[in-house]
Amino acid sequence: MSEHDEFSIIDQLFKPLAGLSREARGLIDDVAVIAGDSTQDLVINTDALVAGVHFFEHDPLDLVARKLMRVNLSDIVAKGAKPYGYQLMTAWPRGTSYSEKADFVRGLKTEQDRFGVDLFGGDTVSTYGPLVVSMTMFGRVPAGRALSRLGARAGDKVLISGYIGQGYLGLKALQGQLMGLSHADVNEVISAYHLPEIRADLAPVILEHARSSMDVSDGLLADADHLARANNLMIRLDLNTVPTSLSARAAIASGLSPVDLVTGGDDYQILCTADEAGAKALIMAGFYEIGMCLGVSEDTPAGAELWADDRRLDAVAKGYTHPL
Ligand SMILES: Nc1ncnc2c1ncn2[C@@H]1O[C@H](COP(=O)(O)OP(=O)(O)OP(=O)(O)O)[C@@H](O)[C@H]1O
Ligand SMILES: Cc1ncc(C[n+]2csc(CCOP(=O)(O)O)c2C)c(N)n1
Ligand SMILES: [Mg+2]
């Protein structure tokens, strides 16, 4: 096992290449922001999906395309930006048929129509390895207003845009490891794994009322930990207030640990912080309050902790990390 993971590689090898460019945000945010004209900036995000790592090799390719679009859109929306267009890279395993590629394109078209984006360019190559698809998504935001992971303050409320654990439950169902759910519940969580919910409609309210914001891809606890550390704060999450679906509650009743839901990842919900008034407005728009930002001290170092019923809970891992 290597002593490196994605975060140490980014930190040690890639961060120096970003230099002091404002656009890169020191590679501590999820996106780059490029100044446009005097009215708007461009928010840019790249996320890739790899067969066997992010999706199953036999997943229908229209769903893979749709998931690729959504995992990229979640970062754009989290920064308060409006989706604009995208570039695409596809590395096709040799022997992939024309009709499979056409399925992939059909999935892209469905999401283009839904989210109002067009294809701006990209690259098409072949590979001896598994299918790899990567997207660079562009969004537009009023000049100087793009949100960041930075900006949270002690006393801020922590909020989430929707159910946590749906994608993880779908993954477990597809792996045949989910017990106690009805047929309809299983279909619901598998559908969430393939097609995470993206609330593009929330971008304006996030822009208006959040102080810091990011999407949740690795796991709620892991991403709250990233946000907390970026701001040198302690985030205390209250597990009892994390919103979960009826399917998730049925899985818990059948023995699933609720901690797994907040560390499993594949959520693509929006995690943000706001002051009291901002939190009220965000809750009115559909967000759920799930925790607090606290100042750091010897007893409360920077990072995220999970609490339930006045007890701190331990998690084996806070979320998904790519071993490198
Ligand atoms: N290979 C790379 N080259 C340049 N920058 C990179 C590379 N990999 C990651 N980064 C940058 O490092 C920062 C953190 O990346 P990370 O993948 O953790 O972001 P994220 O939005 O949380 O990702 P994800 O949605 O994939 O979980 C981002 O600014 C990203 O652009
Ligand atoms: C087949 C299969 N096995 C495992 C997982 C879980 N998983 C893989 S990557 C990731 C974090 C987000 O990725 P990234 O950080 O690259 O954006 C998660 C939760 C999955 N989705 N599919
Ligand atoms: Mg992100």
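The residues around ligand 2 are Asp47, Val53, His54, Phe55, Phe56, Leu171, Ser217, Asp218, Gly265, Asp266 and Tyr320, where a residue counts as near a molecule if its C-beta atom, placed from the backbone, lies within 6 Å of it. This is a predicted model, in which local features need pLDDT of at least 70 and side-chain atom pairs count only at pLDDT 80 or more, while totals for chains, interfaces and linings use all residues. Residues are numbered from 1 along each chain as its sequence is written, and chains are lettered from A and ligands numbered from 1 in the order in which they are written.

Sorted by class, the shell around ligand 2 holds five nonpolar, three polar and three charged residues. Here Ala, Val, Leu, Ile, Met, Phe, Trp, Tyr, Cys and Pro count as nonpolar, Asp, Glu, Lys and Arg as charged, and the others, Gly among them, as polar. Ligand 1 has its own shell, made of Ile10, Phe14, Leu27, Asp29, Asp30, Asp47, Asp75, Ser217 and Asp218. That shell has three nonpolar residues, one polar residue and five charged residues.

The C-alpha centres of the two domains are 23 Å apart. Their contact takes 20 residues from domain 1 and 18 residues from domain 2; two residues are in contact if their C-beta atoms, placed from the backbone, lie within 7 Å. On the side of domain 1 that touches domain 2, helix H2 (61–78) and strand S3 (82–93) each supply at least two residues. H2 gives the largest share of that side, ten residues. Helices (H or I, at least four residues) and strands (E, at least two) are DSSP runs, numbered from the N terminus. By class, the side of domain 1 that touches domain 2 divides into ten nonpolar, two polar and eight charged residues.

Helix H2 also holds Asp75. UniProt lists Asp75 together with Asp30 under "binding site" in an unreviewed entry; UniProt positions are given in the numbering used here, feature names are shortened, and annotations may be inferred rather than shown by experiment. Although these two residues are spread over 46 residues of sequence, they cluster in space, with a largest C-alpha distance of 6.7 Å. Asp30 lies in the loop between helix H1 (6–18) and strand S1 (32–35).

Is Asp30 buried or exposed? Asp30 has 23 other C-beta atoms within 10 Å and is therefore buried. The rule is that a residue is buried if 20 or more other C-beta atoms lie within 10 Å of its own, exposed if 12 or fewer, and partly exposed in between, with C-beta atoms placed from the backbone. Asp75 is buried as well, with 24 such atoms within 10 Å. Leaving aside neighbours up to four places away in sequence, Asp75 touches Asp30, Val31, Asn45, Asp47 and Asp215. With neighbours within four places in sequence again left out, the contacts of Asp30 include Asn45, Asp75 and Arg149.

Arg149 sits in the loop between strand S5 (132–142) and strand S6 (157–160), and is buried, with 25 other C-beta atoms within 10 Å. Gly122 is in strand S4 (residues 118–127) and counts as partly exposed because it has 14 C-beta neighbours inside 10 Å.

Finally, the protein as a whole. It has ten helices and twelve strands, and buried residues make up 44% of its 324 residues. For 324 residues, a compact globule would have a radius of gyration near 20 Å, and the 19 Å of the protein agrees; the radius is taken over C-alpha atoms, and the globule rule is 2.2 Å times the number of residues to the power 0.38. Along its principal axes the C-alpha trace spans about 55 × 55 × 45 Å.

Notes: Domain bounds come from an automatic or database domain assignment.
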